[in-house]
Amino acid sequence: MDPHCSTAPLTPYGAADGEAAVLAPRLRASWQRSRRYGVTPEEMQPVFTGAVDTASLLYECGHEVLQGLRATLADEPVSMMITSSDGLVLCRLCDDASINRSLDRVNLAPGFYFAESNAGTNGLGLALADRAPSLVRADEHYCTSLRGYTCAAVPVLDPMTGELAGSVNLTTWSDSSSALLLALAQAAAGHTEALMLARGSGRRARPAPRGEVFQVYPGRARNGGGTPLLSPRWTDAVAEARAAMTRGQLLAVVGEPGAGKAALASIARREIKPRERLLCARPPAGADIDFWLTLWAPELAKDDTCVITAGVDRLPAWVAEELARLLTAAPRTAPEPGRRALQPSVITAEDYASIPEPLRVLVGAVVEAPALRWRPDDILPLAHHFARRHRGRPVTFSTAAARALADHHWPENVKQLRRVVRDAVSRTDVVDLRHLPGEIFTSTGRRLSRIEALEREEIVRCLSEPGTTMAGAADKLGMSRATIYRKMARYDIKMPGRTPRARP
């Protein structure tokens, strides 16, 4: 039997008998993953890429923060690192020659990957896998060559998207005090995120996900204000999802943020079992995820319940493994030949490759929720649907407003359309251009600063007022018509009847 595949309790190597040396649950799960990846304790071979991206916002901000911390720790044997989301070491700062030489010998240096799959259990690999602050001491490392160190690492999230950007890692000798190491790493990660936000063209930080578990209730009849009739691109995807569920497969619905992945899954499930209880669980930030899982996990075993677990690509590794175990613990659905029986469940993610491996191996079918820009015929039916749901009765859209909605590229998909429509119909019974936000009239892909966004909104507001001429808008804005045309071109503002003049 392969000793690395043993089912015996995992303990740090060299632990004395009777010592309280059994690994903590997170570390034990990480050791088990390291074994499955094929990493051996005696031999560690991190992959070398040869180059790192020093032009990213993460590198720029993280490096600046660590430079400031470096001055504080000038006489301490602490190595500070920034890594990418997949464990690539981007930079390493340290003034202690002895620890630098030692880290070079184990290849913990820029250009090397130190994810769990490359180097076994280590601080930065665990922080990235679980998306949570991690401290790995001495013998808690899976590979023997790393047991001379203590590593504290904290994930860094992109403040604009909420996605995992990388990590901050602090490494010192294993016999040094580690009491403040994790606190320093958390402070450095927080300062890096704040600096990324400040330099991210003035955009507001995305709120941290709070997590939720809610029941999806069946909609009313189509002719009574329920789900609108949509284009074949959407209905074909629903049909694919329905077929996969009928076959008893674990369905993964993938697609861009806001495309309606959970909505697609719930519609398909309702067509199979209209009276079944349908729950949707969306994960919170890392600190609350244990309670979130405890809240709804028992529902998986109920015969009259189907659970849609949204955003599994954002789950910590241990939660993904626990969810996979729960899905196969008490099967109720007859599988296809050669496949394990699973609970009737659905998972969603941005793409198949980002689904955690323990869940990915269970997936029997993948269906894509098409982005809204790929189905322009659905924009107005959905706009009327959202307006009716918000106001409780039909709301009118002017021809110009309808054309502006139909022409927009909707980078945030259905989620953005719902927000725009709800805001507009909260103020009027007849939605016109002036009720729509400036984002609808621009297709620029670049991020605008806060000042630029305010200027764009004011230009759009003046131009969308009924009866306002370009000369009138110029007077209100305090600028010439030529300047307005130039700024319309700069912000890529496209409004009916007000196309910027082409330059000679």
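Predicted model: local features only at pLDDT ≥ 70, side-chain atom pairs only at ≥ 80, totals over all residues.
I number residues from 1 along each chain as its sequence is written. Local features need pLDDT of at least 70 and side-chain atom pairs count only at pLDDT 80 or more, while totals for chains, interfaces and linings use all residues, and side-chain values use heavy atoms, with hydrogens and water left out.

**Entry 1, second largest pocket.** I looked up its volume, which is about 940 Å³. Of the 30 lining residues, Leu128, Ala129, Arg131, Ser354 and Pro356 are the closest to its centre. A pocket here is an open set of points on a 1 Å grid over the protein atoms alone, with protein on both sides within 12 Å along at least five of seven lines; lining residues have an atom within 4 Å of a point. A volume is the space filled by probe spheres set on the points, which are joined across faces, edges and corners. Helices 1 (25-36), 4 (116-119), 5 (123-130), 10 (317-329) and 11 (357-360) each supply at least two lining residues. Helices (H or I, at least four residues) and strands (E, at least two) are DSSP runs numbered from the N terminus. I counted the lining by class as 13 nonpolar, four polar and 13 charged residues. Ala, Val, Leu, Ile, Met, Phe, Trp, Tyr, Cys and Pro count as nonpolar, Asp, Glu, Lys and Arg as charged, and the others, Gly among them, as polar.

Arg26, Leu27, Ser30 and Arg33 of helix 1 make the contact with Leu126, Ala129 and Asp130 of helix 5 (heavy atoms within 4.5 Å). I noted three nonpolar, one polar and three charged residues in this contact.

I found one cavity of 30 Å³ or more; a cavity is a set of points where a 1.4 Å probe fits but cannot get out. The largest cavity has a volume of about 40 Å³. Its lining includes Leu108, Phe114, His141 and Cys151. Helix 5 and strand 5 (164-173) give two or more residues each to this lining. I counted five nonpolar, five polar and no charged residues there.

I listed the buried residues of helix 13 (399-407) as Ala400, Ala401, Ala402, Ala404 and Leu405 (under 20% relative accessible area, 1.4 Å probe, protein chains only). Their cover includes helix 12 (379-391) and helix 14 (413-425).

Conventions:
Buried < 20%, exposed > 50% of the residue type's maximum accessible area, 1.4 Å probe, protein only.
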